[in-house]
Amino acid sequence: MTSPRHVIIIGSGPAGLTSALYTARANLQPLVIEGLEAGGQLMMTTLVENWPGHRDGVMGPDLMGEIRAQAQKFGAELVQAYVTSIDLSTRPFTITTSDATYTADSVIVATGASARLLGLPSERRLMGHGVSTCATCDGYFFRNHEIAVVGGGDSALEEAMFLTRFASKVTIVHRRETLRASKIMQDKARAHSKIVWKLNSEVEEICDGGKGEVTSMVIVNRATGAREEIPVTGVFVAIGHTPNTSLFKHQLELDANGYILTRDGMKTNIPGVFACGDVQDPVYRQAISAAGSGCMAALDAERFLDEVPGHLQS
Ligand code: NAP
């Protein structure tokens with residue numbers, strides 16, 4: 001067991017690394033346990049045009065590399081490891097990875113949420129090259145293009161509505177005849193002239209015609225078995241997100257969908273444990289809002305540590 005830390009941050013997306021930057025600059029010598037998907041969801045994107053300060057956009061992996069280096073410059077220590085268990089029942093809290101066991105007076109949870117994927121090899125291969133899980137991030141690239149949204153929930157319909165601002169046609173592909181989305185969202189989407197529907201249909205393949213960019217998709221009607229190739233340059237997969245909270249079940253309060261509940265800033269139900277980024281945000285899910293909440297969690301942790309009797313900020 002290594003000596004106790006002031007703060008351990010679990011996760012290394014925009015939220016985790018921003019909290020690392022702030023806690024490092026507060027001389028708390030944070031340890032960041034980067035996790036399996038180091039850098040978070042931005043590592044799977046190409047050009048990010050909505051990160052303030054980059055007029056011409058910035059590549060997602062480059063942005064994460066910069067934030068990581070900035071946190072390290074101020075003394076954050078990063079380890080490439082995956083947390084296998086955590087004990088938040090007593091302080092200092094205990095965090096175990098496959099390689100080591102750590103203890104800390106405060107913990108910042110920034111484990112993010114993973115966009116659910118269809119599971120097609122072509123979907124992974126063309127991610128960032130026409131396949132996207134974020135309309136807000138990537139919609140702009142599809143001006144006057146014909147594109148598709150997969151899913152039948154509120155997210156899918158909301159993304160489809162948003163994408164009509166750019167695309168000339170948005171095909172919604174949903175695996176059942178009935179939509180899961182709320183009635184009001186359904187009514188809005190059904191009334192939109194740019195939206196067409198492929199219900200009872202599943203995506204069988206996303207094609208690139210050898211170009212390395214999406215050119216079409218093949219869907220299969222579940223009732224008839226009929227296949228259809230639809231020309232599209234973008235496929236937005238909007239079949240939900242799964243917050244990465246399995247480690248914290250029965251320790252931290254979660255909402256009905258498994259997101260960590262935060263209150264009064266970024267506090268969780270356990271004093272000294274904070275959460276930031278997508279793991280506690282089912283609504284905004286933006287890199288910049290995640291980074292903002294990472295800053296808040298760091299300041300909350302700093303204030304908490306200030307009040308821990310005998311806590312030395314060496
Ligand atoms: P969701 O409600 O769980 O819907 C996911 C959709 O994706 C469902 O239609 C589901 O199909 C489909 N799906 C799941 N796995 C699939 C697969 N492997 N292949 C094909 N389709 C698949 O998720 P969500 O839309 O992200 O919404 C999550 C929560 O946030 C909901 O409570 C929602 O109401 C809320 N939300 C609210 C708003 C708003 O109020 N403005 C906006 C967005 C989200 P089935 O229907 O067949 O299961």
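Reply: A residue is called buried under 20% relative accessible area, exposed over 50%, and partly exposed in between (1.4 Å probe, protein chains only). This is a predicted model, in which local features need pLDDT of at least 70, side-chain atom pairs count only at pLDDT 80 or more, and totals for chains, interfaces and linings use all residues. Residues are numbered from 1 along each chain as its sequence is written, and side-chain values use heavy atoms, with hydrogens and water left out.

Me: Is cysteine 295 buried or exposed?

Reply: Cysteine 295 has a relative accessible area of 17%, so it is buried. Cysteine 207, at 18%, is buried as well.

Me: What does the disulfide look like?

Reply: A disulfide is a pair of cysteine sulfur atoms within 2.5 Å. The structure holds 1 disulfide, which links cysteine 134 and cysteine 137 with an S to S distance of 2.1 Å. Its S-S torsion is about 75 degrees, and the disulfide is therefore right-handed. Cysteine 134 is buried at 14%, whereas cysteine 137 is partly exposed at 24%.

Me: Which residues have the most contacts inside the largest nonpolar core?

Reply: Such a core is a set of buried Ala, Val, Leu, Ile, Met, Phe, Trp, Tyr and Cys residues joined through side-chain atoms within 4.5 Å. The largest has 33 residues, and Trp51, Ile108 and Cys276 have the most contacts inside it.
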